[in-house]
Structure formats: structure tokens, C-alpha cells
Amino acid sequence: MAGGTAQVIQISEPRTLDPVAMGNQWVINAFLGNALFGTLMVNDPESGEIEHTMATDFATQDGGTTFELTLRPDLRFSDGTPLDAAAVKFNWDRFGDPENGSSYLEDAAVIASTEVVNPTTLRVTMRYPAPHFAYTLVESSMNWIASPQALQAGRAAFDRNPVGAGPFTLARWARQDVLELVKNPRYWDAPKPYLDRIELRTSGDSVQGYNTLISGGSDVIISSNWGSIEKLANQGFPTEVSPLHGGQHLSMNMRRGPFDDVRARRAVAAAVDVNALNLTIYNGSGELPATLFRESSPYYVPDLHLHSHDPATAQRLFDELAAEGTPVSFTFTTTAQTENRLLAESVQAQLSAFANVHVEVKVVDIIDLIKLRYTHDFDMMTGGAFFDDPEPRMWTAFHGDSGRNTAGIDDESLNEALDTGRTSMDVAQRKAAYRTVQQRLIELMPAIFYTRTVAGAATGKNVGGLTMYGAGSVQPEELWIVE
């Protein structure tokens, strides 16, 4: 069971190996980050319970105003230097510096200060009570700690020689080709990792990933396609999908016309048939988010449906707006990635059946699309609000003070409820708050949820140990191959 080389297909190649600029999601750099840096903690995908790994505790005694992070003693980076509280402080302080360009800047900004108590203890003071902050850590690259000494050499030097405490180290990075990883003999959790080597390649084409796995050209694929995951499972390949709540959505920019008018948003939401989108994009295998939360969540409310297909209401609203001289016309900005382009074209085709609405599809590079999330120069684009615990992702997706609020919604009742969900430890109080959140999202319709997020992975039939945490974050140290 121990040994061997795994051929792994990821979805996107990193721009850098600096954790502050990486993303801990299955669709971004989760597998690679876990391989190089390991984890401070993880969560059980089914129960949601936090489980500690390189950390032994992350405890608060005052409702989330302060925390103490406790590390395992004698943790070492791959170069032999200590991974201690000072190293964690150095890394977390970098996340809060806007100059470093982290997509988790708002998560880190909740921390007011960090203080090294002793080599294994870091005291963390928050700007306001954040009792659920452990979920922020496991769903972000703040879970990855790199060597301060290596980081101080600069990003280019770090990319050549990244130093972490993960189960693997970098042997070679041939950009646009392969990342070769080798077993870290200093890894704290021996005899893991079980593999000797990993060769990590990138493909954003789900069909290509599927084909390489069934042909034996890869041992593990990371996937964001319901159809691929279903077909592989039906053929007996081991698969995993993190049971996240929320999902992917069509985000409508409320900062400008036409979507600054709630009638335009409601019209498009009523016109779009998510069942038809599911058939077109995922051959009907996708899981549709009828409600924001799955039934397994304490915040699930069965009668709060996110939206319903209602062509008559859609046409009435389109006609009403046109009669006022403001017919609905917008551009759906997307990328060339097959599923994204197909989604945009499918929405365009569906709306072409209605009068007084016009949709253009604009295809841009992924980097340009990411920039638009911050410049807000778009009408419609895809977004996501997927999570285990709703904090912090619901706050960052829909709070008026969040820089990652793609739709630009800013509603007093919604903001207050999201703040309560963020700061309260009382289950009943949180239930009431997230009921309000669901009600306001349904009433104001800033986004159309069209599918549960496919935070998925699959392996060859001779591969075991496929394990996830957070947002589909695969743990490479658990994988093994039977030759």
C-alpha cells in the first residue's frame, strides 16, 4: 500500500506557491496547498466537526473575542526549521496586508492582532466576536503555514523552493506542464504520506479529466462536473463530493441597470429554468438547490424555496419594464471554459423565448473575470456561496460591507441577520437569523442559484484514501495505490 507515484489532474494551475495568494478550494489549489503545507485543522465533511491536525486546539473562552491556537510540539518545516507560533503569526499577519493581494483578505481582517505566548501558543484577538472562525481557517489558505525565512526571500525565490511542513515537497515546477512532488521525510504524521511521488498536471476540461482517468492516464482527478462524477461512480470508480450547502449562482449586479430594479432580477429568475440548465450542462445529473441549506443543516427551512420557474410572471415583468421605457438588456460575462460558456449560452437561449429582454454573451480570460468582481463592471456573471457552516461565506457573499459581495446587495435586514449569524453562539438565535437571510435573498433575488457546488474528486479503482475537508479540499497524505 505504501509507495508509488500518483498522476493527478487539477483544475487550475497556481500563479504562485505563496499560500497568501493561493486558494483552498477544490477548483483552485487545494490539493497542491495541502501537499506542500499540510493543515492546521480540518473539518469532517458529514458532521462539520472541527478536527485538529498540526494544531491541537483552537479555543475561545469569551465567545470568540479571543482565541488561543495551540500547536503540536516540535513541528518542523521541510528544511528542519521550527513551525512554531511565531511562524503562524508571520503567515496570518501577511494575509491581513492588502499589498499581498490575498483573496482571503476579508477573512484575515477579522483578526485585530496576534501575540506569541510561547513556541506552541498563539493568542488571537478579533475585531468583534467571531466564535465560528475555525471554519474560516479550514476553508481558506490561512490553514497553510509556510516558512517565514523562505517567504522573506521573495515570491520568485519561494516559487523555486517553497518550504512548508506538508506531506510533500516540490521537486520541479514546469509551468503549464507538471508539478513534481516528492515525499517529505520530516512530515509530522508518519508513516504518512503513503505515496512516494505525485505528478500534478492541470486541465480545466472535465471531459479530458474523465477520459484520462478511465483510460488509466491518471490516478486522481479533481472535478467540478456533476456528469463526470456520476458516470465515474456508475462505472465503479471511487468518487467523493463534499456535501456543501448553498451552491453556484448567477449573480446580477444590483449597482446599475437593469438589475438595480428588483423587477428585472425577479423577471430573469422566473424566466430561467434551472432544470433545463441541469440537462444541458450536466445531462440531468446535477443536484438542484431548491433551498439554500440541505436537509442535514439545522438552518434548513423546507418552505423557503430559492426561486421557481414561472414564465408568465417573467413575461409580465419584462413587458411592464418595457412599457416604462426600460426593457431588460444585459451582458452575461463568462470564460471560455466549456461549462461556463455553455451555461451563459443556455441562459441566453432560454431568455430568447421571451419578448422585451435581450442577452449578450461576452467571453473573457479568467484573470479579467476575477478583476471584474472587484471593479463591478459587469451585468451578470457566475458566483458561488458554498459552505459547511454558513459563516463566513454567506457574510462575504451577501453582506453590504463585504468587498466580495458580487451582486452589490446592501439590505439592512439582511446585513443584521448575517451579523447575528457571524457573532452568535446560540443555535436558536442563529436559526432565526439564517431564516431571515433566506427570506431576504428570496425577496430581493440578487442571485439565481442553479446548482449545488460540485466539490468533487475521483480516483482509479486501485487508489484508496480519497479524503476531503472544507470546500472539497483533498488530503494527499491519505492517498495510496495498490500496484
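A salt bridge is a side-chain nitrogen of Lys or Arg within 4 Å of a carboxyl oxygen of Asp or Glu. This structure holds 27 salt bridges.

Before you click: this is a predicted model, where local features need pLDDT of at least 70, side-chain atom pairs count only at pLDDT 80 or more, and totals for chains, interfaces and linings use all residues. Residues are numbered from 1 along each chain as its sequence is written, and side-chain values use heavy atoms, leaving out hydrogens and water.

**Stop 1.** Select arginine 256 and aspartate 377. They form a salt bridge, with the closest N and O atoms 2.8 Å apart. Aspartate 377 lies in the loop between helix H13 (366–375) and strand S16 (380–387), and arginine 256 in the loop between strand S13 (245–252) and helix H9 (262–271), so the pair ties together parts that are 121 residues apart in sequence. Helices (H or I, at least four residues) and strands (E, at least two) are DSSP runs, numbered from the N terminus.

**Stop 2.** Is aspartate 379 buried or exposed? Aspartate 379 is buried, at 11% relative accessible area. Buried means under 20%, exposed over 50%, partly exposed in between (1.4 Å probe, protein chains only). Arginine 256 is partly exposed, at 29%.

**Stop 3.** Move to arginine 263 and aspartate 261. Here is another salt bridge, 2.8 Å from N to O. Arginine 263 is buried, at 18% relative accessibility. Now widen the selection: Asp261, Arg263, Arg316, Glu320 and Glu324 are linked in a network of salt bridges.
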